[in-house]
Amino acid sequence: MAPPILSLALPSETGRVLSIQSHTVQGYVGNKSAVFPLQLLGYDVDPINSVQFSNHTGKLLLSLHSNRYPTFRGQVLNGQQLWDLIEGLEANDLLYYTHLLTGYIGSVSFLNTVLEVVNKLRSINPRLVYVCDPVMGDEGKLYVPPELVSVYREKVVAVASMLTPNQFEAEQLTGFRITSERDGLEACKILHSAGPSKVVITSIHLDGSILLIGSHQKAKSQPPEQFKIVIPKIPAYFTGTGDLVTALLLGWSNKYPDNLDRAAELAVSSLQALLQRTVNDYKRAGFDPQSSSLEIRLIQSQEDIRNPQVSFRAERYN
Ligand code: ADP
Ligand code: MG
């Protein structure tokens, strides 16, 4: 009998990301929005799909917009099934990762298992970078079970290396209301003191603009280096942008580990070029971009992802 042929994975020179996010058959949210851009930036990406749905559910839209997809079908992975996949990888010595990325998580049991995954991956690579997008809600409304908030707040923030909340999520995690630029900077400091050295509040809505605030605390004893990027609001509603911006921030901040401002300029510039293309393409096809939520033109924007022209500048605070 022929000896069994063993299979062996080569180590990744560029970084290997375990990305635990939702999957949609059609459309770009969750892993569909994150995996391709990270691959374009040169990373090996191993996706675990926390759900597999036919299309996005419009959870972000709630009652805000009427023209989301009317229904969806699919499957949800539970915490035990997630752990089963991790055990399968471990049994084959395939659990060495440089990065863990998580996005929307719908249940406490799944989130608790993610915490076990963080521990397990760090037992194999103590330098594992955990990029956590604490997806919980937007515009004053939660779209996860409320019990999830305290798990993020009490357990997940503490183990995250980089956190990318939006304004509402930063408020939920800190208990601190954000109504100004100053408040955003303060919220980042509160989050640093709880764990992550890098915090990016991906959107604070002020006077018709979107403010992205980034904060990097390079040493525990030092104040963080902070910056903002002002983004004019495009009059349209997109899905998957939060998942995409977090993936791009992971990708670029790993290439510029000491320049979070530079990483954010690149991420935002890519994203804005893609959003502009999305709006233009919908208009060209005869749609009113304000009449429904737009699916991002991800595949069509690969050049903007690979080689972004920096058109959005970070302004540093002293
Ligand atoms: P989420 O709340 O889903 O996490 P955000 O609202 O923070 O996502 O959006 C992520 C990024 O997408 C923002 O930093 C911004 O750059 C971009 N973005 C989203 N919507 C718009 C818009 N209407 N106009 C311009 N940029 C947008
Ligand atoms: Mg987000």
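The model is predicted: local features need pLDDT of at least 70, side-chain atom pairs count only at pLDDT 80 or more, and totals for chains, interfaces and linings use all residues. Residues are numbered from 1 along each chain as its sequence is written, chains are lettered from A and ligands numbered from 1 in the order in which they are written, and side-chain values use heavy atoms, with hydrogens and water left out.

Start at ligand 1. Around ligand 1 are 17 residues, and N166, T202, S203, I234 and Q272 come nearest; a residue is near if one of its heavy atoms lies within 4 Å. By class, this shell holds 9 nonpolar, 6 polar and 2 charged residues. Here Ala, Val, Leu, Ile, Met, Phe, Trp, Tyr, Cys and Pro count as nonpolar, Asp, Glu, Lys and Arg as charged, and the others, Gly among them, as polar. Strands β9 (198-206) and β11 (225-232) and helices α7 (241-255) and α8 (260-284) each give the shell at least two residues. These are DSSP runs, numbered from the N terminus: helices are H or I with at least four residues, strands E with at least two.

Which atoms of ligand 1 face N166, T202 and I234? An oxygen atom lies 2.8 Å from a side-chain N or O atom of N166. An oxygen atom is also 2.6 Å from a polar backbone atom of T202. At I234, a backbone N or O atom is 2.9 Å from a nitrogen atom of the ligand. Alone, ligand 1 exposes 540 Å², and the protein buries 91% of that (Shrake-Rupley method, 1.4 Å probe).

Now the aromatic pairs. The count is 3, with ring centres of Phe, Tyr or Trp (its six-membered ring) within 6.5 Å; planes under 30 degrees apart are stacked, over 60 edge-to-face and the rest tilted. F53 and F72 form a tilted pair, 4.6 Å centre to centre with 50° between the planes. This pair links distant parts of the chain, 19 residues apart: F53 sits in strand β2 (residues 44-53), F72 in the loop between β2 and β3 (74-76).

Key. Polar contact = N/O pair within 3.5 Å; in protein donor to acceptor, adjacent residues only side chain to side chain.
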